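Good morning, everyone. Please have a look at the model on the screen before I start.

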Amino acid sequence: MINGVTNRINIDEYILNALREDITSEDVTTNAIMPEPKQGKADLICKQDGIICGLEVFKRTFELLDDTAVFETDLKDGDAVKNGQLMGVIKGDIKALLSGERTALNYLQRMSGIATFTRSLADELVGKKTKLLDTRKTTPNMRPFEKYAVKVGGGTNHRYNLSDGVLIKDNHIGAAGSIKKAVEMTREYAPFVRKIEVEVESLEQLQEAIDAGADIIMLDNMDNETMTKAVQIVAGRAETECSGNVTKERLAEIAKTGVDYVSSGALTHSAPIMDISLKNLVPTE
């Protein structure tokens with residue numbers, strides 16, 4: 001569990017699978033140079049400015065390899081960190097420190113990169129009503145970590161997966177035959193407590209979604225002028241979401257259109273990792 005955010009997910013299983021991917025039978029190098037258990041420590045060092053995220057996952061990776069492992073840090077997820085900063089010290093069996101280093105850093109670097117990138121976009125919407133959303137464009141088997149990182153960075157999570165909410169997209173509309181039919185079928189099937197979101201690509205489709213009673217309307221790949229008209233047409237009868245071609249440079253202008261949400265797959269599929277290293281490993285006994 002990551003600070004209670006993903007309490008439905010067994011995070012240990014994700015981490016264990018990542019460790020199994022990296023250690024199919026043994027860590028040959030570590031076993032060769034460290035045949036017997038020995039306690040040691042190593043420094044966690046930040047190599048660029050950003051927002052740290054994934055500290056509990058970093059720690060848990062080593063704990064799953066060594067129940068004596070201890071991670072000492074004064075930081076918490078969401079804190080700003082600087083290039084060259086000593087962020088903490090990991091202590092434990094040297095074999096575990098060596099074998100778990102790459103997996104632990106992969107999580108920390110990826111999650112911190114997403115949190116940092118998300119923060120840079122979320123800052124563009126400070127003081128505006130428009131909220132920044134993520135998408136399901138996540139790395140396979142990394143979704144709980146990546147969506148958590150978005151929240152740490154100041155974004156808001158869209159539905160977690162296909163079981164979480166109704167989003168009728170273009171291919172659903174094609175399969176049903178029309179927006180009206182897709183909404184009718186979904187409303188009949190889905191529990192009444194769920195909102196129905198419909199993706200539209202034109203003002204004509206927008207009107208059809210309004211007439212069908214959609215709760216949320218996603219304005220897909222529309223320019224700012226068309227979105228402004230769309231929000232005016234909706235006139236509060238549904239919530240609105242902008243999607244497609246969302247860049248940091250466009251966010252302020254998108255917010256001016258009056259949309260309630262703006263979703264960006266780039267938060268998770270295009271965020272660069274944060275450069276973080278585990279250095280200065282030494283025995284302590």
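Take E241: its bridge partner in β11 is Y261.

A word on the source. This is a predicted model, where local features need pLDDT of at least 70, side-chain atom pairs count only at pLDDT 80 or more, and totals for chains, interfaces and linings use all residues. Residues are numbered from 1 along each chain as its sequence is written, and side-chain values use heavy atoms, with hydrogens and water left out.

Now some terms. Helices (H or I, at least four residues) and strands (E, at least two) are DSSP runs, numbered from the N terminus. Two strands pair if DSSP finds at least two bridges between them. Strands of a sheet pair through backbone hydrogen bonds, either parallel or antiparallel.

Back to the sheet. It is open, it has 6 strands, and the order is β6-β11-β10-β9-β8-β7, with parallel pairing. Which strands stand at the edges? They are β6 and β7 (166–168); each has a single partner strand, so one side of each has no neighbour in the sheet. From one strand to the next, the twist averages 25°. For angles, axes are lines fitted to C-alpha atoms, for helices over the stretch in contact, and angles run from 0 to 180 degrees between N-to-C directions.

Next, the other sheet. This one is open too, with 4 strands in the order β3-β5-β1-β12 and antiparallel pairing. Its edge strands are β3 (70–72) and β12 (276–283), each pairing on one side only. Here the twist averages 20° from one strand to the next.

Look at β5 (residues 86–93). It pairs with β3 in the antiparallel sense, over 3 bridges. V70 has K91 of β5 as its bridge partner, and E72 stands opposite V89 in β5. Is β5 mostly covered or uncovered? Mostly covered: 6 of its 8 residues are buried. Buried means under 20% relative accessible area, exposed over 50%, and partly exposed in between (1.4 Å probe, protein chains only).

Now the helices. α4 (residues 94–122) and α5 (residues 143–152) pack at an angle of about 40°, with their axes 7 Å apart. That makes α4 oblique to α5. The cut-offs: under 35 degrees is roughly parallel, over 145 roughly antiparallel, 65 to 115 roughly perpendicular, and the rest oblique. Which residues make the contact? Among them are Y107, R110 and M111 of α4, and F145, E146 and Y148 of α5. Contact means heavy atoms within 4.5 Å. By class, there are 9 nonpolar, 1 polar and 3 charged residues. Ala, Val, Leu, Ile, Met, Phe, Trp, Tyr, Cys and Pro count as nonpolar, Asp, Glu, Lys and Arg as charged, and the others, Gly among them, as polar.

Most residues other than glycine have a negative phi, and most peptide bonds are trans. N141 has a positive phi, near 70°. It is found in the loop between β6 (131–133) and α5. N141 counts as exposed, because its relative accessibility is 62%. N280 also has a positive phi, about 60°, although it is not a glycine. Where is N280? It lies in strand β12.
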